[in-house]
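User: I want to check the labels attached to this structure. Please set each value against its cut-off before drawing a conclusion.

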Amino acid sequence: MATVDVDQDTPLFAIAAAAELAELHPQTLRQYDRLGLVEPKRTAGKSRRYSLRDIAQLREIARLSAEGVSLEGIRRVLSLENEVRSLQGRVRELESALADALLARQGRMVFASDAAGEVVPLRPGTRTQRRDQLVVWRPWGSEG
């Protein structure tokens, strides 16, 4: 039997199914949509369609609400969580770009350790070929 990978953001569920999966009343989902706490996609006929990510967010909203957090507080928590995710992705991009730039710098000596523990030089702009190699370098201007 073939498996199908479903994107977390694919709008699959009508409001009744989403409400059942999130263990909420459909009217509650409509209210959360009006308040902007969850933003389901719309069909051509304007029906709401919820994704797996939307369902997870609805469950998180219900959990926070049960803990006594106001809807405005929930909106702020969700906004901050989204901002953190976005910033974490940006940090990963910048770390990769910085590593690439440091490796590509002319005049820098970069060394790796092979499986036997021997130090081997790497040409500028190259990366180790095996995951068990350790790369060591000293940034410009650092003492050590």
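User: Why is K46 called exposed?

Analyst: The relative accessibility of K46 is 61%. Exposed means over 50%, buried under 20% and partly exposed in between, computed with a 1.4 Å probe on protein chains only. K46 therefore counts as exposed. K46 sits in the loop between β1 and β2, where helices (H or I, at least four residues) and strands (E, at least two) are DSSP runs numbered from the N terminus.

User: What do the numbers and the values rest on?

Analyst: This is a predicted model, in which local features need pLDDT of at least 70 and side-chain atom pairs count only at pLDDT 80 or more, while totals for chains, interfaces and linings use all residues. Residues are numbered from 1 along each chain as its sequence is written, and side-chain values use heavy atoms, with hydrogens and water left out.

User: What class does H25 fall into, and where does H25 lie?

Analyst: H25 lies in the loop between α1 and α2. Its relative accessible area is 52%, so H25 is exposed. A polar atom of the H25 side chain lies 3.0 Å from the backbone nitrogen of Q27. For a polar contact, a pair of N or O atoms must be within 3.5 Å; within protein, one must be able to donate a hydrogen and the other to accept it, and residues adjacent in sequence count only if both atoms are side-chain atoms.

User: Why does K41 count as partly exposed?

Analyst: K41 has 48% relative accessibility, so it belongs to the partly exposed class. K41 is found in strand β1, residues 41–42. Leaving aside neighbours within four places in sequence, K41 is in contact (heavy atoms within 4.5 Å) with P11, S47, R48 and R49. The C-alpha atoms of K41 and P11 are 6.3 Å apart, although the two are 30 residues apart along the chain.

User: Is S51 buried or exposed, and how do you know?

Analyst: S51 has a relative accessible area of 3%, so it is buried. S51 is placed in the loop between β2 (48–49) and α3 (52–66). Not counting residues up to four places away in sequence, S51 touches Q8, D9, T10, P11, L12 and F13. A polar atom of the S51 side chain lies 3.3 Å from the backbone nitrogen of R53. In the chain as a whole, buried residues make up 21% of the 144 residues.

User: What makes α1 roughly perpendicular to α2?

Analyst: The axes of α1 and helix α2 (residues 26–35) cross at roughly 100 degrees and come within 8 Å. Axes are lines fitted to C-alpha atoms, for helices over the stretch in contact, and angles run from 0 to 180 degrees between N-to-C directions. Angles under 35 degrees count as roughly parallel, over 145 as roughly antiparallel, 65 to 115 as roughly perpendicular and the rest as oblique. Therefore α1 is roughly perpendicular to α2. I15, A18 and A19 of α1 meet P26, L29 and R30 of α2.

User: Why is the pair α1 and α3 called oblique?

Analyst: The axes of helix α1 (residues 15–22) and α3 cross at roughly 50 degrees and come within 9 Å. The two are therefore oblique to each other. In α1, A18, L21 and A22 meet I55, L58 and R59 in α3.

User: How is α3 oriented to α4, and why?

Analyst: α3 and helix α4 (residues 71–104) pack at an angle of about 135 degrees, with their axes 10 Å apart. That makes α3 oblique to α4. Q57, E60, I61, L64 and S65 of α3 contact I74, V77, L78 and E81 of α4.
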